[in-house]
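Hi,

Here is the structure I said I would pass on.

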Amino acid sequence: MIDETAEEIQEMQTHSSSVVAVRAAQALEELVDREFATVEEYTRALERNGTVLRRANSSHASLQNAIREIVGDVTDADPDSVADAKRLTSETIDEVVARIESGKRLAAENSVDVLEDGATLLTHDYSSTVLEAIEQAVEAGKTFDVYVTEARPRYIGRKTARALSDLEGVDTTLITDSAHGLYLEECDRVVVGMDCIVDDTLYNRVGTFPIASTADRLDVPVTVLGSASKLVGEGFVFENEFRSASEVMAEPAEGFDVENPAYDATPVELLESVITDEGRQTF
């Protein structure tokens, strides 16, 4: 399960960073069912498999923090027996997963007031927190028109569009990424998720920066939603992921290179608000 989860993360079969962190944390539960002769053998396996999961996507701050916490809590506790180490592992995994999931839910709850009834929104890529926020707002009786960018080259935005189209009260339109400048003129707000915010920079799916820049030029407020655990300070260095060129172009590139970065960097000064489970953040 651990190797399969790491491969799944690398292949981006799960797209939300919160979902990735939860899946990675739960994958470590596999070690609880294995046999180990000593505590040292168990903790070595925990550290080794934790490293495998973290290397699957070094850019996901929530994944990195979740795995480090689980491995660190178990090894720092210096358990007396393998049984104690396994029990502590399971308890820590449950705590980490509960905090990630509650953080997403609370961030969504805190954003409902910002999403005004009847507003026209634009969102980019796929964010489970953004989806939950719109779902909660709809449950509160609000309606929205929502433009969703495709998020090329993997077209992850289509997943968002399909999910939103199932919500009564949401009129959903899928657009190409480069069309955002045209449709932003109709929008009241941009709402996106985040991979992480490091110091004064938002890292999110590539395409976020041009959307935020255009929105700033057109005086359309940009709101970012996510767990406070994704606000990272000193000690974390964001590493962009460059994916296969075949996602951009199926045939071989002859005489030219193809770049396929997964994320871009948006200065937080372009953001009107960042809302987390701890409320509205200031920078």
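This is a predicted model: local features need pLDDT of at least 70, side-chain atom pairs count only at pLDDT 80 or more; totals for chains, interfaces and linings use all residues.

Residues are numbered from 1 along each chain as its sequence is written, and side-chain values use heavy atoms, with hydrogens and water left out. Helices (H or I, at least four residues) and strands (E, at least two) are DSSP runs, numbered from the N terminus.

Start with helix H4 (residues 61-77) and helix H5 (residues 82-111), whose axes come within 9 Å and cross at roughly 150 degrees. Axes here are lines fitted to C-alpha atoms, for helices over the stretch in contact, and angles run from 0 to 180 degrees between N-to-C directions. That makes H4 and H5 roughly antiparallel (angles over 145 degrees count as such). On the H4 side, Ala66, Glu69, Ile70, Asp73, Val74 and Ala77 make the contact (heavy atoms within 4.5 Å); their partners in H5 include Leu88, Ile93, Val96 and Arg99. By class, this contact has nine nonpolar, two polar and three charged residues. For the classes, Ala, Val, Leu, Ile, Met, Phe, Trp, Tyr, Cys and Pro count as nonpolar, Asp, Glu, Lys and Arg as charged, and the others, Gly among them, as polar.

Next, the loop between strand E2 (144-149) and helix H7 (157-165), which holds Glu150. Glu150 is buried, with a relative accessible area of 8% (buried means under 20%, exposed over 50%, partly exposed in between, with a 1.4 Å probe and protein chains only).

Now over to helix H9 (residues 208-217), where Thr208, Ile211, Ala212 and Ala215 are buried. These cover an arc of only 95 degrees around the axis, so they lie on the same side of H9 (the arc is that of the directions from the helix axis to the C-beta atoms). Just after H9 comes Asp219, with a positive phi of about 60 degrees. Asp219 is exposed, at 68% relative accessible area.

Cheers

Note on methods: Angles under 35 degrees count as roughly parallel, over 145 as roughly antiparallel, 65 to 115 as roughly perpendicular and the rest as oblique.
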